[in-house]
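Trainee: I am new to this one, could we look at it together?
Mentor: Gladly, here it is.

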Amino acid sequence: MPDLDSFDRKLLALVQKDADQTADILAEQVGLSPSAVSRRLKRLKADGVITATVALVDPARVGKPTFFIAGLEIERERPEMLAALRRWLSAEDQVQEVFYVTGGTDFILVIAAPDVEAYDALMGRLMADNPTVRRFTTNVALGISKRGLAVPIPDAD
């Protein structure tokens, strides 16, 4: 794990809120020069701390997809079958998030699909292509109260 100082931690917190901020604006907020901010952000990307810079899109303005929360129950936890399932899920654009969890299900998925038919087709392919999946449950999101991907950044010790 890369060694993160207090400046790195402040930068990470700020760019998670708004990655469009310029180095000049970020520099003012963290107390560094713009060039130092740029170098640090470049290093954080090279070290894999920042894995992507993305835009959060308002679903209502782009066709209003339906969000589904699916729980997968798997048959066997053989490493090669889990790896194949993870690769399959990673390759599917409609699968937004995948959590390997404890409890009654083994995986929780967040899926954005244009409609119920597209979701049904996706889950049909999932079951056909992944014999380790025993069954799945589905919850349909009726509304979105909060949406984000920010990771809490603890202060440096």
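Predicted model: local features only at pLDDT ≥ 70, side-chain atom pairs only at ≥ 80, totals over all residues.

Trainee: How are helix 4 and helix 5 oriented to each other?
Mentor: Helix 4 (residues 79–91) and helix 5 (residues 116–129) pack at about 155 degrees, with axes 11 Å apart. Axes are lines fitted to C-alpha atoms, for helices over the stretch in contact, and angles run from 0 to 180 degrees between N-to-C directions; the helices are DSSP runs (H or I, at least four residues), numbered from the N terminus. Angles under 35 degrees count as roughly parallel, over 145 as roughly antiparallel, 65 to 115 as roughly perpendicular and the rest as oblique. The angle therefore makes helix 4, relative to helix 5, roughly antiparallel.

Trainee: Which residues of helix 5 make the contact with helix 4?
Mentor: Contact means heavy atoms within 4.5 Å. From helix 4 come Leu-85, Trp-88 and Leu-89, and from helix 5 Leu-122, Arg-125, Leu-126 and Asp-129.

Trainee: And how are helix 1 and helix 2 oriented to each other?
Mentor: The axes of helix 1 (residues 6–17) and helix 2 (residues 23–30) come within 10 Å and cross at roughly 130 degrees. In this pair, Phe-7, Lys-10, Leu-11, Leu-14 and Val-15 of helix 1 meet Leu-26, Gln-29 and Val-30 of helix 2. The two helices are therefore, relative to each other, oblique.

Trainee: Is Arg-40 buried or exposed?
Mentor: Arg-40 belongs to helix 3 (residues 34–46). Buried means under 20% relative accessible area, exposed over 50%, and partly exposed in between (1.4 Å probe, protein chains only). Because Arg-40 has 17% relative accessibility, it counts as buried.

Trainee: Which side chain does the side chain of Arg-40 join in a polar contact?
Mentor: A polar contact is a pair of N or O atoms within 3.5 Å; within protein, one must be able to donate a hydrogen and the other to accept it, and residues adjacent in sequence count only if both atoms are side-chain atoms. At 2.9 Å, the partner of Arg-40 is Asp-5.

Trainee: Which residues does Asn-130 contact, leaving aside neighbours within four places in sequence?
Mentor: Asn-130 lies in the loop between helix 5 and strand 4 (133–140), and at 4% relative accessibility Asn-130 counts as buried. With those neighbours left aside, its contacts are Ala-84, Leu-85 and Trp-88.

Key:
Residues numbered from 1 in each chain as written. Heavy atoms only, no water.
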